Amino acid sequence: MARSAGRARVGTLVESVEPRVLLAGDHPSFSDFPNGTAITLTGGEGSVNGIIETEGSDDLFRFDFAGAQPDFVTVLADTLNVSGGSSLDSRIQVYTDDNGVPTIVGSAEDGRNNGQLTGGLLRDGWRGFIAQPGTTYWVRVLSDAATGATATGGYTLRVDTTSTAITLPGSGAEVTQAGNLTRVGQDIVYRATTPNLAIFDSLFTANARATATVLNTRIDVYDANGFVVAFDSESGRLSNAFATFKSLPNTTYYIRVRADEFLPGQQTAGAFTLVLDAAATTVALDPVNRTGTAQGTHASGQVTSQFVFTAQG
């Protein structure tokens, strides 16, 4: 679960640790803070490979958030797409630098996995948070297991610092956005800000539609502080995620779309259409007979419309 970028100071290390001699392909560890392998971002995205070679070890990376405005950033220690496979149960922690002291973003419990899905618990460590302009962030990658086969293994650290903006029209009309998930465990985050109009004090619906035999979708919705406000995983006859929540005018929401499956042979990647409806259609009621009508058309498939009315006495 993502949280706002609240901060808790982490005490300085008690023991004096000798500087490590880095081998080819190795990365600094948390004890080397603030040294960390720099992640190069292109178009707001970047990735780097690593390996947790021994039980209890970790790697440390850093990246600069260059956005002009706060944005929802995702960080993933991906083991599902490692060439040759990986046994690692990955975990991540995100930090900032408070006068030389590593200060955790959110909670130390964040980043232990990627949530419970229809396909089961996705063990890969993931964090989503609101990044602030001009801030450098450090990412610690480690195992969520102290010992055993899942305490070591390879991973790809993936950072995405840019959400995709979706414009909501002042008319309140439904909006569609095409997307495509190309690898197992991938997600795409969209950003939608409601216009400052009364009609957007409304129910907000988000539907990620896909071909059921190709992709089973999942939706998570976050507010401007990075807190979850809604989520949906569908299973059985319907597999298209459909999330609803109460929205407000002039408010930003982040909609994360991903697959609800990750195991081999399941519907883990493919094209989808995100459909957003941020304003219900008003149905005027006759004050005498207290009835009203509204018209609409529906194509085939999982299609919805929403209406609002005020009871008459």
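Helices (H or I, at least four residues) and strands (E, at least two) are taken here as DSSP runs, numbered from the N terminus. The structure described is a predicted model, in which local features need pLDDT of at least 70, side-chain atom pairs count only at pLDDT 80 or more, and totals for chains, interfaces and linings use all residues. Residues are numbered from 1 along each chain as its sequence is written, and side-chain values use heavy atoms, with hydrogens and water left out.

Asn250 has a phi near 55°, a positive value in a residue other than glycine. Most residues other than glycine have a negative phi, and most peptide bonds are trans. Asn250 is exposed, with a relative accessible area of 53% (buried means under 20% relative accessible area, exposed over 50%, and partly exposed in between, with a 1.4 Å probe and protein chains only).

Ser247 belongs to the loop between strand 19 and strand 20 as well, yet Ser247 is buried, at a relative accessible area of 0%. Its neighbours, not counting residues up to four places away in sequence, are Phe200, Asp201, Ser202, Phe204, Tyr253 and Ala278, where contact means heavy atoms within 4.5 Å. A polar atom of the Ser247 side chain lies 3.3 Å from the backbone oxygen of Phe200. Such a polar contact is a pair of N or O atoms within 3.5 Å; within protein, one must be able to donate a hydrogen and the other to accept it, and residues adjacent in sequence count only if both atoms are side-chain atoms. Between Ser247 and Phe204, 43 residues apart along the chain, the C-alpha atoms are separated by 5.9 Å.

The next topic is the nonpolar interior. A nonpolar core is a set of buried Ala, Val, Leu, Ile, Met, Phe, Trp, Tyr and Cys residues joined through side-chain atoms within 4.5 Å. The largest such core has 28 residues, and those touching the most other members are Ile219, Val221, Ile255, Val257, Phe272, Leu274 and Leu276. Two or more residues each come from strand 14 (175–181), strand 15 (187–193), strand 16 (203–209), strand 17 (217–222), strand 19, strand 20 and strand 21 (270–277). Strand 20 gives the largest share of this core, four residues. Ile255 touches, among others, Ile188, Val189, Ala206, Ile219, Val221, Leu274 and Leu276, not counting residues up to four places away in sequence. Apart from this core lies another, of 21 residues, among them Ile39, Ile92, Leu157 and Val159. In soluble globular proteins, nonpolar side chains tend to be buried together.

Strand 6 (90–98) comes next. Seven of the nine residues in strand 6 are buried, leaving this strand mostly covered. Strand 6 runs antiparallel to strand 11 (135–143) and is joined to it by six bridges; two strands pair if DSSP finds at least two bridges between them. Within this pairing, Ile92 has Val141 of strand 11 as its bridge partner. Strand 6 is also joined to strand 7 (101–105), antiparallel, by four bridges, and Thr96 stands opposite Thr103 in strand 7. Together strand 6 and strand 7 form a hairpin with two residues between them, and Asn99 in the turn has a positive phi of about 55°. Asn99 is exposed, at a relative accessible area of 78%.

The structure holds twelve aromatic pairs. Rings of Phe, Tyr and Trp (its six-membered ring) pair if their centres lie within 6.5 Å; planes under 30 degrees apart count as stacked, over 60 as edge-to-face and the rest as tilted. Phe33 and Trp138 form a tilted pair, 4.9 Å centre to centre with 55° between the planes. This pair links distant parts of the chain, with Phe33 in the loop between strand 1 (7–9) and strand 2 (37–38) and Trp138 in strand 11, 105 residues apart. Phe33 is buried, at a relative accessible area of 13%, and Trp138 is buried too, at 7%. Phe30, Phe33, Tyr95 and Trp138 form one aromatic cluster. Phe33 is also joined to Pro34 by a cis peptide bond, with omega about 10°.

Arg140 lies over the face of Phe30, 4.8 Å from the ring centre. A charge sits over a ring if NZ of Lys or CZ of Arg is within 6 Å of the ring centre and within 35 degrees of the ring normal. Likewise, the charged end of Arg256 sits over the ring of Trp126, 3.7 Å from its centre.
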